[in-house]
Amino acid sequence: MKINCIAIDDEPLALDKIRGYIKRIPYLRILGTFDNAISGLEFIKENPVDLIFLDIQMEELTGIQMLEVMTEKPKVIFTTAYSQYAIKSYELDVCDYLLKPISFQRFLNACEKASNQINQKAPTHRHTEAVSKTNKEDYIFVKNGHLVQKLNFKDIYFIEGMKDYVRIWMRDEKIMTLLTFRKLLEILPKEQFLRIHKSYIVAWDKINLIDRNHVLILNERLPIGRNFQKDFFSSIGKKRVN
């Protein structure tokens, strides 16, 4: 089972190192990196995150303060240069406490520990009233007013978040349904769809043009959010011919 993770650290070099370590571990899937806890919190509200690599000393909101305000917590591995918070970390039931500079072997050991804990409590099935889907299917059913409508993945161009609702854009139709990005990202095939902004999920094959930090789909110019740019352009680099 792939473990969805994010990294939060206000030091760019430390963030890059953690990102590089994550990419070396096959069972980890990195969803994003953030230079502050507030952006990380906003991302977690709308996305299925299993594990956070979290710095402690950050401006505005520390890693410890971030965990204290969360009601539902993913597993956490602290990555910090300060040893004095070790006792507090155990009170918060974190998986591990890594002191910088972090070796890859030590990082891998912490990930193995987190993986064991996550897989022990992994649900055997998922259910939602708004959407039903099996892994072999290439469609979903969503509520559309008083109807339940079938949508083929290949017909979806992009999805726009609107608080508790989403608007699903197709070539000749737009559907508004009561659903969160978090649920959608659990269901949509990751090889076909990518989140590019806190308010947008796009289908890779429907992107017509990339203009700096925007994509063009159905003549709509959609922004690529700052916290999503690194992952987006990294993925685009793998798809480019030259």
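Let's begin with the charged pairs: searching the whole structure turns up 14 salt bridges, where a salt bridge means a side-chain nitrogen of Lys or Arg within 4 Å of a carboxyl oxygen of Asp or Glu. Before you click, know that this is a predicted model, in which local features need pLDDT of at least 70 and side-chain atom pairs count only at pLDDT 80 or more, while totals for chains, interfaces and linings use all residues. Residues are numbered from 1 along each chain as its sequence is written, and side-chain values use heavy atoms, with hydrogens and water left out.

**Stop 1: Lys100 and Asp9**

Select Lys100 and Asp9. They form a salt bridge, and their closest N and O atoms are 2.7 Å apart. Lys100 sits in the loop between β5 and α5, and Asp9 in the loop between β1 (3-8) and α1, so this pair ties together parts that are 91 residues apart in sequence. (Helices, H or I with at least four residues, and strands, E with at least two, are DSSP runs numbered from the N terminus.)

Which of the two is buried? Asp9 is, with a relative accessible area of 0%. Lys100 is partly exposed, at 21%. Here buried means under 20% relative accessible area, exposed means over 50%, and partly exposed is anything in between, using a 1.4 Å probe and protein chains only.

Keep Lys100 selected and step along to Pro101. The peptide bond from Lys100 to Pro101 is cis, with omega near -5°. Most peptide bonds are trans. Pro101, too, belongs to the loop between β5 and α5.

**Stop 2: Ser103**

In the loop between β5 (96-99) and α5 (104-120) you'll also find Ser103. Ser103 is partly exposed, with a relative accessible area of 38%.

**Stop 3: Arg106 and Asp96**

Next, pick Arg106 and Asp96, whose side chains meet in a salt bridge at 2.8 Å, N to O. Arg106 belongs to helix α5 and Asp96 to strand β5, so the pair ties together parts that are ten residues apart in sequence. Asp96 is buried at 5% relative accessible area, while Arg106 is partly exposed at 34%.

**Stop 4: Glu42 and Lys45**

Move over to helix α2 (residues 37-46). Glu42 and Lys45 are three residues apart there, about one helical turn. A salt bridge links Glu42 with Lys45, and the closest N and O atoms are 3.2 Å apart. Lys45 is exposed, with 55% relative accessible area, and Glu42 is partly exposed, with 46%.

**Stop 5: Leu218 and Asn219**

Select Leu218 and Asn219 and look at the backbone. What does phi look like at Leu218? Leu218 isn't a glycine, yet its phi is positive, about 55°. Asn219 is also a non-glycine residue with a positive phi, near 65°. Most residues other than glycine have a negative phi. Leu218 lies in the loop between β14 (214-217) and β15 (220-223), and Asn219 is in the loop between β14 and β15 as well. Asn219 is exposed, with a relative accessible area of 71%, whereas Leu218 is partly exposed, with 23%.

**Stop 6: a nonpolar patch**

Show the surface and colour Met162, Tyr165, Met176 and Leu178. They form a nonpolar patch with about 360 Å² of accessible area together. A nonpolar patch joins side chains of Val, Leu, Ile, Met, Phe, Trp or Tyr within 5 Å, from residues with over 30% relative accessible area and no salt bridge; the areas come from the Shrake-Rupley method with a 1.4 Å probe, and only the protein chains shown count as cover. Leu178 is in strand β10 (residues 174-178).

**Last stop: the second largest pocket**

How much space lies in the second largest pocket? About 750 Å³. Of the 28 residues lining it, Arg29, Ile30, Leu31, Leu194 and Ser235 are the closest to its centre. A pocket is an open set of points on a 1 Å grid over the protein atoms alone, where a 1.4 Å probe fits, with protein on both sides within 12 Å along at least five of seven lines; lining residues have an atom within 4 Å of a point. Grid points are joined across faces, edges and corners, and the volume is the space filled by probe spheres set on them.

To finish, colour α7, which gives the largest share of this pocket's lining, six residues.

Methods. Patches are made of residues with over 30% relative accessible area and no salt bridge: like charges are joined within 9 Å, nonpolar side chains (Val, Leu, Ile, Met, Phe, Trp, Tyr) within 5 Å.
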